[in-house]
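Please open the structure in a viewer and keep the selection tool at hand.

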Amino acid sequence: MPQKRRPNPLRAAFTGPHDIGRTPPGWALMGLILLGFLLYPATASAFSATNVAYYLLNIPMALGLSLLWGYGGILSFGQVAFFAVAGYVYGVVAGNMTADPTLGSILGILAGLGAAGLLALIFGYFIFYARVAAWIVPILTLVLALLLSTFLGLTAGSAWKVGDVALGGYNGMNIPSLQIGNFIFQDYAFYYLTVATVVLCFIGLRIRVNSHRGQVLIALREDPLRTELLGYDVRLEQLVAFVIAAVLSGISGLLYVTWGNYITPSVTSLAQASLPVIWVAVGGRDSLFAVMILTFLLNQLTYVLSSAGNQYALIITGVLLVAVMLFAPEGLIPRLIELGRKALRLKEAT
Amino acid sequence: MAEIVSLLYQFGTNAAFLLLAALGLIVILGMMNIINLAHGEFMMLGAYAASAAVHRGLPFPLAVLLSAVAVGVFGIVLERLVVRHFYGRELGALVVTWGISLILSQGTLIAFGPFMAPIAIPGGALTVGVYSFSTYWLFLMAICVVLLAGLGWLYKATEFGLQARATMQNAAMARALGIRVERVYMITFGLGSALAGLSGALLAPTTSIAPFMGQQFVAPAFITVVVGGGASVIGGAIGSSSLLSLVETPVSFLMGSFWGSIALLVTALVLIRILPNGVSSLRLRRRTRGARG
């Protein structure tokens, strides 16, 4: 077998074919956006930096769904289930180790992400190794999220106490912040932690989708049977993508609980379960970059709308979703770029 | 004796609930390969229409029929405006109907407030030994049988049924033979929506009527559909609803309704691991094997 030329992973992240923004102007734009986010706290209060961190912290979950759905062709409606599992497990572990907050934080992170990954591994085994039809995966993951929400709602009362931490049912659960030594991740520090996490997840996924494994994932989106005939284990590839997406949801869950120091079963309700799908579908599911930008903007929009007491937030996002699916099924940002290119070409032609 | 009757009654209620919750969904999925995630909201609309009609003084049976027709018409409008653009794109249809469900439930909340006047359960109770049973649920079980028989007749014995089954098997060939495939899809979606509205109206007296009530039907309805599979619409519906309630009844009897729904999910996971194409594939497989041998 001839030796394959393996591209440098970092180079692949910036020049690989499987995302928009792989040309120098594209990198310049990404660099400028990042620079803007890095400089933002200099002009903003700790309060607004914390708010912006909130708009950012769902991005890893959305990127995971983009990998799964946009690149792998596997739609999941249950990403919030892994978000909630990571959040609750972190809360239980860190909440029981308040005597040693550093160790509590680290073990909490590992246990939270591990639990989310393990749940995805078990659940994904049953789904993908059964080779179910494509429409069954979203339905079963949705049912998982809804049942998890029901279960967590039942955990009120003293019977549901893990060590010193009460799960609290619909009253929710209090959760300690991330802490390393005497340093607590709050305000600006939390903001920079979130930005760094988002950047790492983004670059990591750009490397992943432009690597050999990413090619295989895209191939099985296009034609699972042909991919299998080329010698790849389709079930395993799907399961791995599912677990990666679940762990990324878990990262968002960890950021969320350490941001608000609080979690309730409503994070995995039906309305919440719809949000990642909306961000990814509206942004443009097969572009990590577009998903990242749109997730930020839509989070900001819903936060501003709902904190103004506006009950139309859900309707607006619903209408947006239906309109985008009807008129720009490839997503808003890819469509805008295409329109922009067309306009430029027209100008050159005349 | 009384215990056996009681268990049978529980089993029947659970099966009837699963069947009613899933019927409209199964018709649309089996015939068109479209999953209508707004199904729960269609049932909610049916319940709202029934409640509004009953409180305007209409008799309950008439209110139920009226809601079925209203939701059916609504479904046809939606099919023309949105759903028909997604034929052949399963996942796109899933996502877009979800968007519709968000708009419907939140829109209902804004338009009619968080609660709707409840409907009293019609009919009385029957007593066997120490147990008493609501005649309304017995009536619902009978309705299920009637609905299934009606659907069987529609699809097996009528001209439309023949065209629909031809469309389901091979839409391109059906079109070439002069069947108006678009119209078959439109009617099927309308029928599925009407069934959802009918079920919502029928179940309305047994539950509280609220904008987000559709959610409680989502999990059971979809599990029934997943287990049933798409190969034979009616066979799958009967098979999976009775199989699932066979598991759910003892578990919820012993451990409460939440563990009953967990048992539903676990059963579904294990069943699809064994039978990826659902219960209905069993019958189909045997039939093809018989034909070969």
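Two strands are said to pair if DSSP finds at least two bridges between them. Helices (H or I, at least four residues) and strands (E, at least two) are themselves DSSP runs, numbered from the N terminus. This is a predicted model, in which local features need pLDDT of at least 70 and side-chain atom pairs count only at pLDDT 80 or more, while totals for chains, interfaces and linings use all residues. Residues are numbered from 1 along each chain as its sequence is written, and chains are lettered from A and ligands numbered from 1 in the order in which they are written.

**First stop: the hairpin of chain B**

Select residues 125-128 of chain B, which form strand β1, together with residues 131-134, which form strand β2. The two strands run antiparallel and are joined by 4 bridges. Within this pair, B:A125 stands opposite B:S134 in β2(B). β1(B) and β2(B) make a hairpin with 2 residues between them. In the turn, B:G129 has a positive phi of about 60°.

**Second stop: chain B as a whole**

Taken along the principal axes, its C-alpha atoms fill a box of roughly 60 × 50 × 30 Å.

A residue is buried if 20 or more other C-beta atoms, placed from the backbone, lie within 10 Å of its own, exposed if 12 or fewer, and partly exposed in between. Of the 293 residues in chain B, 47% are buried.

Next, select B:M43, which is found in helix α2 (residues 39-55) of chain B. Is B:M43 buried or exposed? It counts as buried because it has 33 C-beta neighbours inside 10 Å. Two residues are in contact if their C-beta atoms, placed from the backbone, lie within 7 Å. Not counting residues up to four places away in sequence, B:M43 touches B:A196, B:S199, B:G200, B:G214 and B:F217. The C-alpha atom of B:M43 is separated by 8.1 Å from that of B:A21, which is 22 residues apart along the chain.

**Fourth stop: where the chains meet**

Show both chains: 31 residues of chain B are in contact with 32 residues of chain A. On the side of chain B that touches chain A, α4 (90-112), α9 (214-228) and α11 (257-274) of chain B each supply at least two residues. α4(B) gives the most to this side, with 14 residues.

**Last stop: chain A**

Finally, display chain A, whose secondary structure comes to 15 helices and 6 strands. Its radius of gyration is 21 Å, close to the 20 Å that the globule rule gives for 350 residues, so chain A is as compact as a globular protein of that length. Along its principal axes the C-alpha trace of chain A spans about 70 × 50 × 45 Å. Buried residues account for 47% of the 350 residues in chain A.

The mean for chain A is 88, and 97% of its residues reach 70 or more. Among the elements of chain A, helix α1 (residues 9-15) has the lowest mean pLDDT (75), and helix α4 (residues 59-71) of chain A the highest (95).

Conventions: pLDDT = per-residue confidence, 0-100. Rg over C-alpha atoms; globule rule 2.2 N^0.38 Å.
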